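Open the structure in your viewer, keep the selection tool ready, and follow along one stop at a time.

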Amino acid sequence: HRVEVDGRSVLLTRLHGQVHAYGSRCPHLGGPLERGWVRDDCVVCPWHGSNFSLVDGAVRTGPATHGLPPLDVRVRDGRVEVRCRPPVPEAPPGSVVAREQEQVGARD
């Protein structure tokens, strides 16, 4: 499911009873992952077919070369709470990951 958290688009998933949260855009070309599908514990980008692990956000198959930016998530009193993680230093300039990090940094 796609949700907005402090103006940021977030993909929320539940896998084997655990909730995970990632940036909702594919790092390859920004495809809307909420329109993709789940296969073998991965979300598949609907635009070009990149597969990302729903456990850790890592790329399983490309064309994407960078994983999904993970967010900290917990369920407390029946509510899902999401918090941004520190920036990923190896995010290439101009990538979707770098742009998302810049947007979060501008709001923090």
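Which residues make up the largest nonpolar core? Select Leu-11, Leu-15, Tyr-22, Cys-26, Leu-33, Val-43, Cys-45, Phe-52, Leu-54, Ala-64 and Leu-68, and you have the 11 residues of that core on screen. Before we move on, please keep in mind that this is a predicted model.

**Stop 1**

Now keep Leu-68 highlighted and show its surroundings. Leaving aside residues up to four places away in sequence, Leu-68 touches Tyr-22, Gly-23, Arg-25, Pro-27, Leu-33, Val-43, Phe-52 and Gly-57.

**Stop 2**

Is Leu-12 buried or exposed? Its relative accessibility is 16%, so Leu-12 counts as buried; the cut-off for buried is under 20%. Show what Leu-12 touches, again skipping residues up to four places away in sequence: His-1, Val-3, Val-19, His-20, Ala-21, Val-73, Val-80 and Val-82. Try the distance tool on Leu-12 and Val-82: they are 70 residues apart in sequence, and their C-alpha atoms are 9.3 Å apart in space.

Then click on Thr-13, which is also placed in strand E2, covering residues 8–15. Thr-13 counts as buried because its relative accessibility is 13%. Beyond residues up to four places away in sequence, Thr-13 touches Gln-18, Val-19, His-20 and Leu-54.

**Stop 3**

Follow the chain to His-16, in the loop between E2 and strand E3 (18–23).

**Stop 2: an open sheet**

Switch to a cartoon view and find E4, E5, E6 and E7. In what order do the four strands of this open sheet lie? The order is E4-E5-E6-E7, and the pairing is antiparallel. The edge strands are E4 (37–39) and E7 (59–61), each of which pairs on one side only. On average, neighbouring strands of this sheet are turned by 35° against each other, direction ignored.

Zoom in on E4 and strand E5 (residues 42–44): these run antiparallel and are joined by three bridges. Pick Trp-37, then look across to E5, where Val-44 is its bridge partner.

**Stop 5**

For the last stop, select strand E8 (residues 70–76) and strand E9 (residues 79–84). How many bridges join E8 to E9? There are six, and the two strands run antiparallel. Look at Val-75, which stands opposite Val-80 in E9.

Two residues lie between the strands of this hairpin. Click on Asp-77, which lies in that loop between E8 and E9. Asp-77 has a positive phi of about 55°, although it is not a glycine. Is Asp-77 buried or exposed? Asp-77 counts as exposed because its relative accessibility is 76%.

Technical notes: Residues are numbered from 1 along each chain as its sequence is written. This is a predicted model: local features need pLDDT of at least 70, side-chain atom pairs count only at pLDDT 80 or more; totals for chains, interfaces and linings use all residues. Side-chain values use heavy atoms; hydrogens and water are left out. Two strands pair if DSSP finds at least two bridges between them. Axes are lines fitted to C-alpha atoms, for helices over the stretch in contact, and angles run from 0 to 180 degrees between N-to-C directions. Buried means under 20% relative accessible area, exposed over 50%, partly exposed in between (1.4 Å probe, protein chains only). Contact means heavy atoms within 4.5 Å. A nonpolar core is a set of buried Ala, Val, Leu, Ile, Met, Phe, Trp, Tyr and Cys residues joined through side-chain atoms within 4.5 Å.
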